[in-house]
Amino acid sequence: MTKPIELVLMGAGARGAHAYASYAFTHPNEVRFVAVAEPDPERRRRFANEHDLDESQTFESWKDLIAAGKMADGALITTQDRMHVEPTIAALEAGYDVLLEKPMADSLEGCVRLVQAAERTGRTLQICHVLRYTPFWQTLQDILASGQLGRIITVEHRENVAWWHMAHSFVRGNWRNKELSTPMILAKCCHDLDLLVWNLDDPVVRLSSVGSLLHYTAESVGPEIPLRCTDGCPIEADCPYSALGIYMDGRLLPGSRSLAEGETAPNVWPFMTISNDLSWDGRLAALKTGPYGRCVYRCDNDVVDHQVVLMETASGTSVSLTMHGHSNEEHRSLRFDGTKASLRARFGGNIQAIVIYHHGGAQEVVEIPTASSGHGGGDWGTFSSFLRVLRGEEKALTDVRASLESHLLAFAAEEARLNHQVIDMAAFRTQAEGMV
Ligand SMILES: NC(=O)c1ccc[n+]([C@@H]2O[C@H](COP(=O)([O-])OP(=O)(O)OC[C@H]3O[C@@H](n4cnc5c(N)ncnc54)[C@H](O)[C@@H]3O)[C@@H](O)[C@H]2O)c1
């Protein structure tokens, strides 16, 4: 039996401790966590208990963990967006192979520095573009690579963010404000842009973009609306964004069972984001004082709630990417039109589907293998692939240079939107590489 890969974790939050590290519980022969860095004492204690770590294996910050010397094969880095570059460069230089959450960095310069650090140290640096590892996108990729659609003429790709997810993450939550995190087109759509880069294998030559924040603003309601849903808001009972309806009784949270008064919420996303104490009183206290109880029209959010990116590829394909936060349900929808067939697909919600409509011929419903774990199987797919790469059993499905390209497209889209420009991507790439 081979020895389990040993990893250290930096950032024991929703992604690190739950989405990925949970794999170790069911696959102890494949992976073992031997240290954690996490400043939140409750999260640090919980992770140490779950993974049987003693005090010498727990650290308050990634800096302390790095200072303790190399203690594992690889590092899983799942700190927040603005804390990706420094710990990753430090980990690569300390000799760790790294699996890093997306976005790889919050600036173009940071992205380029990461590519340079990976190339300089010769270590593996894999970005968690989890959707690449789903059976859905692997099936789609096989269809496109087979050429059965003919030459691809147009692509429409929609990232339909559900209204409650928009409110949770991009109005009240961690990704609401560009200065505190990153532009939404990077935070949400570096995945989509990565998939387009992979699916089309045809570099983007020109790009433009429009979009703005239309709805989640102070002007959308009158002055009588209070700062918090818990402050006796007159429209709370009918408001689809009510924090009480989302986090207390769960009535507005699709897929959640309703929670009776006094009941403790399950330790799952999005409940786990609002507080470490998920009892009824703990959640109510969090809504009265923390960010998640704020009225969606009274937050310090500035990221867009809709944006469209138009792209032309080297071979002439027209591509549109629409991202918005007003969908009735969370899903991505896609359409590829080629000279031999059209393909329509849907990923998310309760339905995953790919249908090919051959020109003048049959309609084909494509079978998609089932998968467990978050993001349609992508979370554990990404993590287990990283372990196989470290064991030398497979080549990574993507590398840091490919990830750089999707991030470049996102930064270009934001620049195009803000300055009403059409961006020449060749010049943009050269300029980015010259930044460092
Ligand atoms: N791949 C995906 O689809 C996907 C989905 C959601 C989020 N993300 C990304 O994952 C990352 C983490 O998101 P999350 O929701 O888990 O956030 P989170 O806030 O729950 O977790 C981040 C953790 O980092 C810890 N931290 C802060 N300073 C630290 C330090 N000095 N050393 C070590 N740890 C430190 C925080 O205390 C927190 O527990 C973000 O960059 C986010 O954009 C990716």
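The ligand is surrounded by 25 residues, the closest being Arg15, Glu38, Arg43, Asp81 and His191; a residue counts as near a molecule if one of its heavy atoms lies within 4 Å of it. This is a predicted model, in which local features need pLDDT of at least 70 and side-chain atom pairs count only at pLDDT 80 or more, while totals for chains, interfaces and linings use all residues. Residues are numbered from 1 along each chain as its sequence is written, and side-chain values use heavy atoms, with hydrogens and water left out.

By class, the shell around the ligand holds 10 nonpolar, 9 polar and 6 charged residues. Here Ala, Val, Leu, Ile, Met, Phe, Trp, Tyr, Cys and Pro count as nonpolar, Asp, Glu, Lys and Arg as charged, and the others, Gly among them, as polar. Helix 1 (residues 14-20) makes the largest contribution to this shell, with 3 residues; helices (H or I, at least four residues) and strands (E, at least two) are DSSP runs, numbered from the N terminus.

On the nitrogen side, a ligand nitrogen atom lies 2.9 Å from an N or O atom in the side chain of Glu101, and a polar side-chain atom of Ser61 is 3.3 Å from a nitrogen atom of the ligand. An oxygen atom of the ligand is 2.9 Å from a polar side-chain atom of His191. Of the 860 Å² of accessible area that the ligand has on its own, the protein covers 85% (Shrake-Rupley method, 1.4 Å probe).

A search of the whole structure gives 2 cavities of 30 Å³ or more. On a 1 Å grid over the protein atoms alone, a cavity is a set of points where a 1.4 Å probe fits but cannot get out, and a pocket is an open set with protein on both sides within 12 Å along at least five of seven lines; lining residues have an atom within 4 Å of a point. Grid points are joined across faces, edges and corners, and a volume is the space filled by probe spheres set on the points.

The largest cavity has a volume of about 140 Å³. Its lining comprises 14 residues, with Ala12, His18, Arg43, Arg46 and Asn267 nearest the centre, and helix 3 (41-50) supplies the largest share, 4 residues. Because domain 1 (5-127) and domain 3 (218-293) both give residues to this lining, the largest cavity lies between them (domain bounds come from an automatic or database assignment).

The second largest cavity holds about 100 Å³ of space. Among its 14 lining residues, Cys229, Cys233, Cys239, Ser242 and Cys295 are closest to the centre. This lining divides into 10 nonpolar, 1 polar and 3 charged residues.

Helix 10 (190-200) and helix 15 (400-419) each give two or more residues to its lining, and helix 10 has the largest share, 4 residues. The lining contains 9 nonpolar, no polar and 3 charged residues. One of the lining residues is Asp201, which sits in the loop between helix 10 and strand 8 (204-212) and has a positive phi near 45 degrees, although it is not glycine.

Two cis peptide bonds complete the picture: Lys102 to Pro103, with omega about -10 degrees, and Trp269 to Pro270, with omega near 5 degrees. Pro103 lies in the loop between strand 5 (97-100) and helix 6 (108-121).

Technical notes
A polar contact is a pair of N or O atoms within 3.5 Å; within protein, one must be able to donate a hydrogen and the other to accept it, and residues adjacent in sequence count only if both atoms are side-chain atoms.
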